[in-house]
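Here is a friendly briefing to keep beside your screen. Please have the sequence and the model open while you read.

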Amino acid sequence: MEIEGMMIRDLGPTDGVSKAGNPWKKHEWVLETFGQYPRKVKITVFGERTNTIKFELGKCYAVMVDVESREVNERWYTDLTAYNFREIQAPQAAPTTPQFQQAPVNPFQNQQPAAPQPEKANPFAGDAAAAFEPTDSQEDLPF
């Protein structure tokens with residue numbers, strides 16, 4: 001299987017001795033895939049390949065991996081072990097946000113506000129106008 005992406009993290013080398021007494025070593029890396037929904041994938045380089053497979057952070061690679069899952073205490077774990085790689089160019093990123101057209105210009109935007117108009121005579125002036133004005137702050141509305 002081949003996975004393409006950019007190396008974003010070096011998790012460092014690890015070594016030890018197996019139950020059978022054999023020494024082992026591995027080096028783990030995190031690759032971020034390309035696309036609209038990028039994924040972070042941990043890739044392991046195991047054994048003698050740790051001497052030949054070296055990634056540089058920030059560079060893009062196509063990594064050939066073996067995928068293997070194993071069960072431990074009724075839980076499943078998946079490993080991606082790299083066996084080869086090649087450096088690639090980063091794809092041209094498509095815009096992730098939609099492109100919007102510019103809104104039309106408001107033709108009234110730069111006009112001066114209209115001059116204030118003189119107040120017209122109130123037809124309800126006098127005692128009748130007072131009957132229409134609320135007398136307290138709480139209006140008595142039916143709804």
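A polar contact of 2.6 Å ties the side chain of H27 to that of D10; a polar contact is a pair of N or O atoms within 3.5 Å, where within protein one must be able to donate a hydrogen and the other to accept it, and residues adjacent in sequence count only if both atoms are side-chain atoms. This is a predicted model, in which local features need pLDDT of at least 70 and side-chain atom pairs count only at pLDDT 80 or more, while totals for chains, interfaces and linings use all residues. Residues are numbered from 1 along each chain as its sequence is written, and side-chain values use heavy atoms, with hydrogens and water left out.

- H27 belongs to strand β2, which covers residues 23–33; helices (H or I, at least four residues) and strands (E, at least two) are DSSP runs, numbered from the N terminus.
- H27 has a relative accessible area of 12%, so it is classed as buried; buried means under 20% relative accessible area, exposed means over 50%, and partly exposed lies in between (1.4 Å probe, protein chains only).
- Leaving aside residues up to four places away in sequence, H27 touches D10, G12, P13, I43, T44, V45 and T50; contact here means heavy atoms within 4.5 Å.

- T50 sits in helix α1, made up of residues 49–52.
- With 7% relative accessibility, T50 counts as buried.
- The T50 side chain reaches the backbone oxygen of G47 at 2.8 Å.
- Not counting residues up to four places away in sequence, T50 is in contact with K25, K26, H27 and V45.

**M7 in strand β1**

- You will find M7 in strand β1, which spans residues 2–17.
- M7 is at 1% relative accessibility and therefore counts as buried.
- M7 and F55 are 48 residues apart along the chain, yet their C-alpha atoms are separated by 7.2 Å.
- Contacts of M7, not counting residues up to four places away in sequence, include W29, V30, L31, I43, F55 and V63.

- Strand β4 (residues 60–72) pairs with strand β5 (residues 75–88) in the antiparallel sense, over 13 bridges; two strands pair if DSSP finds at least two bridges between them.
- Across this pairing, V63 stands opposite F85 in β5.
- Which residues lie between the two strands? The hairpin has two residues there, and both N73 and E74 have their place in the loop between β4 and β5.
- N73 is not a glycine, but it has a positive phi of about 55°.
- E74 is not a glycine either, and its positive phi is about 65°.
- N73 has a relative accessible area of 73%, so it is exposed.
- E74, at 72% relative accessibility, also counts as exposed.

**Salt bridges**

- How many salt bridges does a search of the whole structure find? The search finds seven, a salt bridge being a side-chain nitrogen of Lys or Arg within 4 Å of a carboxyl oxygen of Asp or Glu.
- One of them joins K42 and E28, whose closest N and O atoms are 3.1 Å apart.
- That pair links distant parts of the chain, with K42 in strand β3 (residues 40–46) and E28 in strand β2, 14 residues apart.
- K42 is partly exposed at 38% relative accessibility, whereas E28 is buried, with a relative accessible area of 13%.
- K40 and E32 meet through their side chains in another salt bridge, at 3.3 Å from N to O.
- In that pair, K40 is exposed with a relative accessible area of 59%, and E32 is partly exposed with 25%.
- The side chains of K59 and E56 also form a salt bridge, with an N to O distance of 3.4 Å.
- K59 has a relative accessible area of 28% and is partly exposed; E56, at 45% relative accessibility, counts as partly exposed too.
- Through salt bridges that share partners, K26, E28 and K42 are joined into one network.
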